[in-house]
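Hi there,

Here is the structure I promised to pass on. Could you open it next to your notes and keep it in view while you read?

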Amino acid sequence: SATPHTETVLGHDWAADGKWLVTGAADRVTYVLSAADGKQAHRLEGHTHHVLAVGVSPDAKLAAPASDP
């Protein structure tokens, strides 16, 4: 698969510099992936519901996943 998620990806965002892809999915996990090779840089867990959207700050230092509720 293109991402390490175990369920459907529901949101994604690219860092402005194009180096990182952030994805969020129905598996309640957010990943930060290297655009160069697709390798996982970070795994963010703790959501109790699907991750519906993600955002990356303009300087690529923060990733903001969102879920409901």
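Below is what turned up in the sheet, the turns and the pocket.

A word on ground rules: this is a predicted model, in which local features need pLDDT of at least 70 and side-chain atom pairs count only at pLDDT 80 or more, while totals for chains, interfaces and linings use all residues. Residues are numbered from 1 along each chain as its sequence is written, and side-chain values use heavy atoms, with hydrogens and water left out.

**The sheet**

Strands here are DSSP runs of E with at least two residues, numbered from the N terminus. Two of them count as paired if DSSP finds at least two bridges between them. On that basis there is an open sheet of 4 strands in the order β1-β2-β3-β4, with antiparallel pairing. Its edge strands are β1 (9-14) and β4, each of which pairs on one side only. From one strand to the next, the twist averages 15 degrees; the axes behind such angles are lines fitted to C-alpha atoms, and angles run from 0 to 180 degrees between N-to-C directions.

Strand β2 (20-25) is joined to β1 by 5 bridges, and V9 has A25 in β2 as its bridge partner. With β3, β2 pairs in the antiparallel sense, again over 5 bridges. Here T23 stands opposite Y31, and L21 has L33 as its bridge partner. Of the 6 residues of β2, 5 are buried (buried means under 20% relative accessible area, exposed over 50%, and partly exposed in between, with a 1.4 Å probe and protein chains only).

Do have a look at T30, which is found in strand β3. T30 is buried, with a relative accessible area of 0%. Where does T30 make its contacts, leaving aside its neighbours within four places in sequence? T30 is in contact (heavy atoms within 4.5 Å) with V22, T23, G24, H42, R43, L44, V51, V54 and P65.

**The turns**

The hairpin of β1 and β2 has 5 residues between the strands, and G18 in the turn has a positive phi of about 75 degrees. In the hairpin of β2 and β3, with 4 residues between the strands, R28 takes a positive phi near 70 degrees. R28 is partly exposed, with a relative accessible area of 43%. A60 lies in the loop between β5 (51-56) and β6 (63-67) and is partly exposed too, at 27%.

**The largest pocket**

A pocket is an open set of points on a 1 Å grid over the protein atoms alone, where a 1.4 Å probe fits, with protein on both sides within 12 Å along at least five of seven lines; lining residues have an atom within 4 Å of a point. About 160 Å³ of space lies in the largest one, the volume being the space filled by probe spheres set on the points, which are joined across faces, edges and corners.

Which residues line the largest pocket? They are W20, V22, V32, A41, H42, L44, V56, A60, K61, L62 and A63. β4 (40-44) gives the most to this lining, with 3 residues. The lining divides into 9 nonpolar, 1 polar and 1 charged residues (Ala, Val, Leu, Ile, Met, Phe, Trp, Tyr, Cys and Pro count as nonpolar, Asp, Glu, Lys and Arg as charged, and the others, Gly among them, as polar).

Happy reading, and best wishes
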